[in-house]
Amino acid sequence: MEEVDQAFIQNPENRPKLSITQAEGIPVINLSPIIHNTVQDSSAIQALVKEISSACKEWGFFQVTNHGVPPTLRLKMEEASKMFFAQSLEDKKKITTDDTGLPGYHDTEHTKNVRDWKEVFDFLSNDPTLVPLNSDEHDDQVTYWTNPSPQYPPHFKVILKEYIKEMEKLAFTLLELIALSLGVEAKRFEEFFIKDQTSFLRLNHYPPCPYPHLALGAGPHKDSGALTILAQDEVGGLEVKRKTDQQWVLVKPTPDAYIINVGDVIQVWSNDAYESVEHRAIVSTEKERFSIPFFLFPGYDAEVKPFEELINEQNPSKYRPYKWGKFLVHRKDSNIKKQDVENLQIYHYKLP
């Protein structure tokens, strides 16, 4: 019997059940009215906005098809990811930028103080990316994060950059639909991303795990940014906490679709109209799994607070404002090593 490394063991309440509930009903939304039509059909777009609205309210997650991302590019990205992770640990560790873990390779990610059964490679949208030097709210110093230059696989950096461009394009399309679904102007979100966005692409590799009933590829968490766009392979493993009954349900992979979820930032901007939903990744004893999430993050200097047009006497602001960059740096520090305290969460900004 293989010795279980205690660092990976989840608390009993978070351990995966051996019987899996398949997620029926995570909405699959066809984006062709907005992506493929040269002449915009306003009634088709209104129907799309309505679908987005109910998906965000009921699930916090949805899948999109006909999204405009070239399938050949996605395939290239998936193949490059597999080639990268197939290297020796020694070679992968050559592109660990430092012990902070972003960007570059690392295999010590913690979710809420329990180590995840995975290895990752992170690559920034903007190179360099401007961020606060530390999480002290009274310190205005900034620093830069810069991307590593992996030598293998061939053309890796070119593929990463090309893929990120497509992710950003899709993200901005989705932000417009989400804005319209909240009843605000279509471009309302744009100002937060035009300058200095801190977004990044992550490649995940979940190796086979000898104790899938004790460990998780990624522990239960909510995404802290604005939007996440996920490509998962046919193995699957993403579980979402269903809002209606708080049960963990598996999201079945849909070929060529992307899985979208709203993060904490949209939860705050929408003043809780749309909730960021808890999710996790389970692991398998036999199969390795790959996934590629793109995390859309605002500029480091963006102030995150409920939109004024969504608050009134009946619906007062539910959050105190916070600076995105400070939150990001604080969270990043607690993701790489185990802490003695709970790491920073969105509810720490909730008004009484």
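**Helix packing and local backbone features**

In the predicted model, L73, R74, K76, M77, A80 and F84 of α3 meet F156, I159, L160, E162, Y163 and E166 of α5. Contact here means heavy atoms within 4.5 Å. Helices (H or I, at least four residues) and strands (E, at least two) are DSSP runs, numbered from the N terminus. Residues are numbered from 1 along each chain as its sequence is written. Local features need pLDDT of at least 70 in this predicted model, side-chain atom pairs count only at pLDDT 80 or more, and totals for chains, interfaces and linings use all residues, while side-chain values use heavy atoms, with hydrogens and water left out.

The axes of α3 and α5 come within 10 Å and cross at roughly 135 degrees. Axes are lines fitted to C-alpha atoms, for helices over the stretch in contact, and angles run from 0 to 180 degrees between N-to-C directions. α3 and α5 are therefore oblique to each other. Angles under 35 degrees count as roughly parallel, over 145 as roughly antiparallel, 65 to 115 as roughly perpendicular and the rest as oblique. The crossing of α3 past α5 is left-handed, a term used if the near helix is turned anticlockwise from the far one by less than a right angle, with right-handed used if clockwise.

α5 also packs against α2. The angle between α2 and α5 is about 80 degrees, and their axes are 9 Å apart. α2 and α5 are therefore roughly perpendicular to each other. L48, V49, I52, S53 and C56 of α2 make this contact with L177, I178, L180 and S181 of α5.

Helix α2 covers residues 42-58, 17 residues in all. From first C-alpha to last, α2 reaches 24 Å, close to the 24 Å expected at 1.5 Å a residue. The expected span is 1.5 Å times one less than the number of residues. Buried residues in α2 are I45, L48, V49, I52, S53, A55 and C56. Buried means under 20% relative accessible area, exposed over 50%, and partly exposed in between (1.4 Å probe, protein chains only). An α-helix has 3.6 residues a turn, so residues three or four places apart point the same way. The buried residues of α2 pack against β1 (28-30), α1 (32-35), β2, α5 and β14 (258-262). Just after α2, G60 takes a positive phi of about 75 degrees.

Most residues other than glycine have a negative phi, and most peptide bonds are trans. N66 is not a glycine, yet its phi is positive, near 50 degrees. N66 sits in the loop between β2 (61-65) and α3 (71-85). N66 is partly exposed, with a relative accessible area of 39%. D196, also not a glycine, has a positive phi of about 60 degrees. Its loop runs between α6 (191-194) and β9 (200-206). D196 is partly exposed, at 25% relative accessible area.

P128 is in the loop between β6 (119-124) and β7 (129-132). P153 lies in the loop between β8 (142-145) and α5 (156-182).

R15 is found in the segment before β1. R15 and L214 are 199 residues apart in sequence but 5.6 Å apart in space, C-alpha to C-alpha.
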